[in-house]
Amino acid sequence: MAAEEPTTRRVQVAEHPRLLKLKEMFNSKFGSTPKFYVRAPGRVNIIGEHIDYCGYSVLPMAVEQDMLIAVEPVKTHTLQLANTNPLYPDFSTSANNIHIDKTKPLWHNYFLCGFKGIQEHFGLSKSTGMNCLVDGNIPPGSGLSSSSALVCCAGLATLAVLGMSLSKVELAEICAKSERYVGTEGGGMDQSISFLAEEGTAKLIEFSPLRATDVRLPSGAVFVIANSCVEANKAASSHFNVRVMECRLAAKVLAKHKGLRWDKVLRLEEVQTKLGISLQEMLLVTEDALHAEPYSREEICRYLGISLEELRTQILTPNTQDELTFKLYQRAKHVYSEAARVLQFKQVCEEAPHNAIQLLGELMNQSHRSCRDMYECSCPELDQLVDICRLAISTGLHFCGHRDQWKFGAKGSRLTGAGWGGCTVSLVPADMLSSFLTNVYEAYYRRNSRSLALEKHSLFATKPGGGALVFLEA
């Protein structure tokens with residue numbers, strides 16, 4: 001796995017309508033022809049939310065929606081970036097002086113992250129310029145990782161222009177690190193699945209070292225994505241980075257409680273590993289060591305034996321230094337229970353009992369409850385959509401009927417992605433798919449004019465797709 005490089009595939013562009021249209025638009029924009037094309041998929045996280053940056057395994061799959069870039073190397077040292085979506089303005093900059101403004105989550109910053117990551121990995125002081133036209137069909141702010149797909153696409157495009165070689169794992173690690181240039185402290189799941197995905201299988205993604213294991217999903221059920229149509233932008237809000245910091249602080253307090261070197265601990269997984277105990281035992285430690293009331297900065301300082309200034313400058317990040325309170329118990333409880341659910345999900349897939357779909361659905365339902373109540377990363381629209389997906393029935397829109405009517409709904413439904421908007425993912429029996437789609441459409445999208453405007457990209461069944469690759473014109 002570690003030595004495998006991204007696939008390069010020769011294609012007849014004329015036989016691929018999207019590539020052909022992109023080629024024509026590129027020619028109209030730049031007056032030339034692309035030398036190659038790069039694609040990187042979005043992803044849906046089936047289970048394992050907000051735990052990758054805590055060191056725990058996650059279980060995503062790539063979706064068929066992706067980012068696609070037409071690329072032409074140029075002799076100047078200039079990056080010329082354009083987007084097929086007129087909402088995203090053109091951008092031009094020197095390839096040798098990349099500046100990424102963390103205060104503004106502009107679309108081109110994600111391209112610059114991937115470019116800069118490759119540039120710095122090889123220690124290049126001067127880089128070849130590029131003309132690039134970007135086309136994406138992943139709904140932005142949907143929680144399907146459009147931003148990370150663009151980072152990965154840009155990284156792979158830069159690698160191809162340079163004529164260098166890296167493995168999929170190396171590319172994923174570089175892109176995960178470089179996306180932090182926009183100010184989000186992600187954990188690496190999105191970039192890993194974008195490069196390591198394979199058609200027909202989900203992946204258990206493990207970290208330190210990064211590796212991916214096939215997880216065969218049960219036959220007889222499909223995953224359905226439903227967009228709440230509330231856009232979530234990790235780089236534009238503080239919610240995400242505050243959660244990362246709350247987990248870090250919880251890890252330090254738990255480590256201190258158990259007599260560990262807390263100052264060296266950054267992630268909740270490290271506490272479990274150092275103690276050598278199970279996830280269930282870590283939940284008991286959490287109950288014993290942390291209280292449900294929010295912790296003030298002063299209380300954290302007293303417990304760790306440090307000053308407020310040391311907390312601000314040595315532990316808190318610039319975008320969390322103004323926070324006054326932190327919920328440590330709730331965040332740790334979510335992380336340890338969610339990490340256990342990932343392993344249970346994988347085990348059910350492997351053992352394939354007769355009631356596998358029911359068991360997997362219940363794990364997804366538990367995950368959503370934890371995201372909503374313990375991690376507080378849901379929103380009213382997501383909760384409404386999850387309820388509709390679980391209770392969608394074949395006889396119409398009345399969701400208060402007899403329990404027997406619920407059998408037409410999803411076996412499990414949960415938010416996916418960072419949350420605070422974006423999408424849900426639901427596990428639906430294949431023979432119920434048609435009625436499920438009809439009823440969710442009627443109950444959520446037809447009744448909401450804003451949602452209806454986005455409906456075309458808002459509700460669809462998906463299957464595990466392939467990872468990032470380079471297209472050369474045959």
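A disulfide here is a pair of cysteine sulfur atoms within 2.5 Å. These legends go with a predicted model, where local features need pLDDT of at least 70, side-chain atom pairs count only at pLDDT 80 or more, and totals for chains, interfaces and linings use all residues. Residues are numbered from 1 along each chain as its sequence is written, and side-chain values use heavy atoms, with hydrogens and water left out.

**View 1. Cysteines without a disulfide.**
The structure holds zero disulfides. Take cysteine 153: the nearest cysteine sulfur belongs to cysteine 152 and is 8.3 Å away, and cysteine 153 is in no disulfide. Cysteine 301 is in no disulfide either, with the sulfur of cysteine 247 its nearest at 19 Å. Are these two residues buried or exposed? Buried means under 20% relative accessible area, exposed means over 50%, and partly exposed covers what lies in between (1.4 Å probe, protein chains only). Cysteine 153 has 0% relative accessibility, so it counts as buried; cysteine 301, at 5%, counts as buried too.

**View 2. Tyrosine against tyrosine.**
Search the whole structure and you get five aromatic pairs. To pair, rings of Phe, Tyr and Trp (its six-membered ring) need centres within 6.5 Å; planes under 30 degrees apart count as stacked, over 60 as edge-to-face and the rest as tilted. One of the pairs is tyrosine 56 with tyrosine 336, edge-to-face, at 6.1 Å centre to centre and 80° between the planes. Which parts of the chain does this pair link? Tyrosine 56 sits in the loop between strand 2 (36-47) and strand 3 (59-74), while tyrosine 336 belongs to helix 11 (residues 328-351), so the pair links distant parts of the chain, 280 residues apart. Helices (H or I, at least four residues) and strands (E, at least two) are DSSP runs, numbered from the N terminus. Both partners are buried: tyrosine 56 has a relative accessible area of 7%, and tyrosine 336 has 0%. Tyrosine 444 and tyrosine 445 have ring centres 5.1 Å apart and planes at 80°, so this pair is edge-to-face. Tyrosine 444 counts as buried at 2% relative accessibility, as does tyrosine 445 at 0%.

**View 3. Charges over tyrosine rings.**
A charge sits over a ring if NZ of Lys or CZ of Arg is within 6 Å of the ring centre and within 35 degrees of the ring normal. Lysine 256 does this with tyrosine 303, lying over its face at 5.4 Å from the ring centre. Arginine 331 has its charged end over the ring of tyrosine 375, 5.9 Å from the centre.

Strand 7 (residues 202-206) and strand 8 (residues 211-215) run antiparallel, joined by five bridges; two strands pair if DSSP finds at least two bridges between them. Glutamate 206 has arginine 211 of strand 8 as its bridge partner. The two strands make a hairpin with four residues between them.

**View 4. A positive phi at histidine 50.**
Histidine 50 lies in the loop between strand 2 and strand 3. Its phi is near 60°, a positive value in a residue other than glycine. Histidine 50 counts as buried, at 4% relative accessibility.

Four bridges join strand 9 (residues 221-227) to strand 14, and alanine 226 stands opposite leucine 459 in strand 14.
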